[in-house]
Amino acid sequence: MMNTSALKKTIQNKTELITKKELLKIAVNDPDLNIDELKKMKVNELRKLLKITHKITADTEIHYVNNLGFCFSCITPLRADYTSSKSNNYCMDCL
Ligand SMILES: [Zn+2]
């Protein structure tokens, strides 16, 4: 049986797709990036550029991760032929 703290951790660890707003907040700290240009970009382009697709909230910490090449929903690796197609970020089960 899980102890209470392990159980708590499982509940609190969650992976979410990162939003454009959050990406812009991260990018604004990088002087090499032109924030006005980034604002015009689509969220998928920003995720590729910044190499961040998801955030994982673990207790009070937030980790940014790059899950390109993985299904954005269930985080399983995508086959190469999926990633070249238009609906590239999701596996067949999650589409
Ligand atoms: Zn999936």
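**View 1. A three-stranded open sheet.** Two strands count as paired if DSSP finds at least two bridges between them. In this predicted model, an open sheet of 3 strands has the order β1-β2-β3. The pairing is antiparallel. Strands β1 (14–17) and β3 (61–65) form the edges, and each pairs on one side only. Neighbouring strands of the sheet are turned against each other by 25° on average, direction ignored. Strands of a sheet pair through backbone hydrogen bonds.

**View 2. The pairing of β1 with β2.** Strand β2 covers residues 54–58. β1 and β2 pair in the antiparallel sense over 4 bridges.

**View 3. The pairing of β2 with β3, and their hairpin.** β2 and β3 run antiparallel and are joined by 5 bridges. T57 has I62 of β3 as its bridge partner. The hairpin of β2 and β3 has 2 residues between the strands. In this hairpin, D59 takes a positive phi near 55°.

**View 4. The buried residues of helix α2.** Helix α2 spans residues 20–27. Its buried residues are E22, L23, L24 and A27. They pack against two helices, α3 (35–40) and α4 (43–50). They also pack against the strands β1 and β2. In an α-helix, residues three or four places apart point the same way, because there are 3.6 residues a turn.

**View 5. The contact of α2 with α4.** The two helices pack at an angle of about 35°. Their axes are 10 Å apart. α2 passes α4 in a left-handed crossing. On the α2 side, the contact is made by K20, L23, L24 and A27. On the α4 side, V43, L46, R47 and L50 take part. The residues of this contact divide into 6 nonpolar, no polar and 2 charged. L23, L24 and A27 of α2 are buried and also belong to this contact.

View 6. The structure holds 0 disulfides. How exposed is C74? C74 has a relative accessible area of 37%, so this cysteine is partly exposed. C94 has a relative accessible area of 30%, so C94 is partly exposed too. The reasoning rests on the cut-offs: buried means under 20% relative accessible area, exposed over 50%, and partly exposed in between.

Terms used:
Residues numbered from 1 in each chain as written. Predicted model: local features only at pLDDT ≥ 70, side-chain atom pairs only at ≥ 80, totals over all residues. Heavy atoms only, no water. Axes fitted to C-alpha atoms, helices over the stretch in contact; angles between N-to-C directions. Buried < 20%, exposed > 50% of the residue type's maximum accessible area, 1.4 Å probe, protein only. Contact = heavy atoms within 4.5 Å. Left-handed = near helix turned anticlockwise from the far one by under 90°. Nonpolar A, V, L, I, M, F, W, Y, C, P; charged D, E, K, R; others polar. Disulfide = S-S within 2.5 Å.
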